[in-house]
Amino acid sequence: MNLKKVTRTVLETVAVIVLPLALPITAFFLANRYGLFSWVSRAPQQFRRTLPWKDFGPTPLGEKGYTPQGLTWANDRLIFANSWKNTLSRVYEYQVGPDSLTLERFFDMPPEAVHTSGLAWDGAYLWAVDYKSNLAYKIDLEASLVSQKAVVLAQFDTGLKGTSACCLLDVDGETCLAISDFLRTRRTIVIRHHAAAQTGSATGHLIFEYHNESFSQGLEYVGGFLWESVNKRGGDIINQLDVQRLRSTGDARLSLIAQFNAPGPGVEDLAWDGRRMWTSDEVRFRFYCCTELPLTPTE
């Protein structure tokens with residue numbers, strides 16, 4: 001039998017049988033690796049709850065398409081960051097009224113931090129993480145607001161590929177920083193952030209990590225639970241997560257207490273002011289708050 005003819009026949013068979021299967025198989029593994037299935041996957045019905053959200057007005061420069069990003073509560077003020085189409089990030093200080101927000105002051109982040117996606121306040125310093133630079137920053141908030149430029153006291157590499165949100169939480173009596181990855185690694189890491197700031201890297205300071213549901217947009221620690229906002233097809237959600245289960249299972253879905261509706265289709269970071277949960281939406285360019293957040297699994 002002619003060897004060339006046999007080779008051609010084999011190659012033609014491979015082309016007809018194997019290649020048509022290669023694309024869906026590859027797509028399946030990539031979707032599983034990066035959590036793309038989670039974009040359409042929701043918790044079972046028994047975990048789902050509904051929250052009432054109140055609209056608190058427009059985010060700054062939304063008419064220009066400057067997207068809402070990081071959010072936290074500090075010194076009785078709402079601290080908020082937006083991204084100017086990945087050319088600059090500005091951080092704003094808002095006073096909260098009964099039905100509206102009043103802009104007080106602002107400052108600009110360092111030049112490389114053009115997408116400041118997460119903010120957290122530890123009572124003395126502002127911590128910020130950036131999606132583009134993949135750095136975390138320790139910031140003197142008051143000095144920054146006075147000078148209108150970020151006064152960065154320390155910074156470190158998060159080790160993530162698409163750093164998204166951050167918040168401070170208690171782990172066995174120790175205050176730590178949780179930082180989520182939006183998509184690339186599906187990781188939310190919990191680290192000793194002061195030690196990381198001293199060395200310039202999160203490497204070596206990990207306490208634990210877990211797989212989030214991908215498309216993580218916000219983090220907050222309230223009532224002993226970790227709350228994580230997530231983009232979902234057909235309506236964004238906010239997960240209430242058990243921290244001890246996160247440590248033992250390493251998986252957000254296996255640690256779920258309840259899953260709540262977000263106020264819009266483009267939920268962003270979360271902030272807790274002691275009685276209300278705040279967020280913003282990068283599709284509607286609006287601020288929202290909720291006064292009826294359940295803080296125990298039985299509520």
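**A pocket, a sheet and a ring cluster**

β3 (67-74), β7 (116-121), β11 (163-171) and β15 (216-222) each give at least two residues to the lining of the largest pocket; strands here are DSSP runs of E, at least two residues, numbered from the N terminus. You're looking at a predicted model, where local features need pLDDT of at least 70 and side-chain atom pairs count only at pLDDT 80 or more, while totals for chains, interfaces and linings use all residues. Residues are numbered from 1 along each chain as its sequence is written, and side-chain values use heavy atoms, with hydrogens and water left out.

Back to that pocket (on a 1 Å grid over the protein atoms alone, an open set of points with protein on both sides within 12 Å along at least five of seven lines; lining residues have an atom within 4 Å of a point). Of its 14 lining residues, T72, W121, L168, E220 and Y221 are the closest to the centre.

Now follow β3 into an open, antiparallel sheet of 4 strands, ordered β3-β4-β5-β6; strands pair if DSSP finds at least two bridges between them. Within the sheet, β4 (residues 77-83) and β5 (residues 89-96) share 6 bridges, and F80 has Y92 as its bridge partner.

F80 also takes part in ring pairing (Phe, Tyr and six-membered Trp rings with centres within 6.5 Å; planes under 30 degrees apart are stacked, over 60 edge-to-face, the rest tilted). F80 sits in β4 and F287 in β21 (residues 286-290), so the pair ties together parts 207 residues apart in sequence. Ring pairs link F80, Y92, Y94 and F287 into a cluster.

Definitions and conventions. On a 1 Å grid over the protein atoms alone, a cavity is a set of points where a 1.4 Å probe fits but cannot get out, and a pocket is an open set with protein on both sides within 12 Å along at least five of seven lines; lining residues have an atom within 4 Å of a point.
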